[in-house]
Amino acid sequence: MEIEFCTECKCDGLKIWAGSEPGEDSEAVAILCGTEEVPESFEIQEDQAFVRFYSDADREFRGFLARYGFKITSTGK
């Protein structure tokens, strides 16, 4: 990940919410920016996730790469 860093990720960044829509009033699962080390993976317990990339016009960086997968769990039936 190589995204512009600003205090509190105000300039450019990624916000990730659990569920099908962003919840501006609800807390994001992750807010990422800069070139910091990001978690190799993290888990969302919902069956959907919403990812928003935002950017200002100030500086250009390379961007980010995202991969996702899912885990099937047995229901015991």
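Modeller: Two strands are said to pair if DSSP finds at least two bridges between them. Strands are DSSP runs of E with at least two residues, helices are runs of H or I with at least four, and both are numbered from the N terminus. This is a predicted model, in which local features need pLDDT of at least 70 and side-chain atom pairs count only at pLDDT 80 or more, whereas totals for chains, interfaces and linings use all residues. Residues are numbered from 1 along each chain as its sequence is written, and side-chain values use heavy atoms, with hydrogens and water left out.

The chain has three strands and zero helices, following the pattern β-β-β along the sequence. The strands form an open sheet in the order S2-S1-S3, with antiparallel pairing. Strands S2 (30-32) and S3 (49-54) are the edge strands, each pairing on one side only. In general, strands of a sheet pair through backbone hydrogen bonds, either parallel or antiparallel.

Strand S1 covers residues 13-18 and is joined to S2 by three bridges. Across this pairing, Leu14 stands opposite Leu32 and Ile16 stands opposite Ala30. On S3, S1 pairs in the antiparallel sense over six bridges, and the partner of Gly13 there is Tyr54.

Asp12 lies in the segment before S1. Its side chain is of interest for its charge (Lys and Arg count as positive, Asp and Glu as negative; His and the chain ends are not counted). Asp12 is buried yet has no salt bridge, and Arg59, the nearest side chain of opposite charge, is 8.2 Å away. Buried means under 20% relative accessible area, exposed over 50%, and partly exposed in between, with a 1.4 Å probe and protein chains only; a salt bridge is a side-chain nitrogen of Lys or Arg within 4 Å of a carboxyl oxygen of Asp or Glu.

Asp12 does have polar partners. Its side chain makes a polar contact of 3.2 Å with the side chain of Ser55 and reaches the backbone nitrogen of Asp56 at 2.9 Å. A polar contact is a pair of N or O atoms within 3.5 Å; within protein, one must be able to donate a hydrogen and the other to accept it, and residues adjacent in sequence count only if both atoms are side-chain atoms.

Leaving aside neighbours within four places in sequence, the residues in contact with Asp12 (heavy atoms within 4.5 Å) include Ile3, Cys33 and Tyr54.
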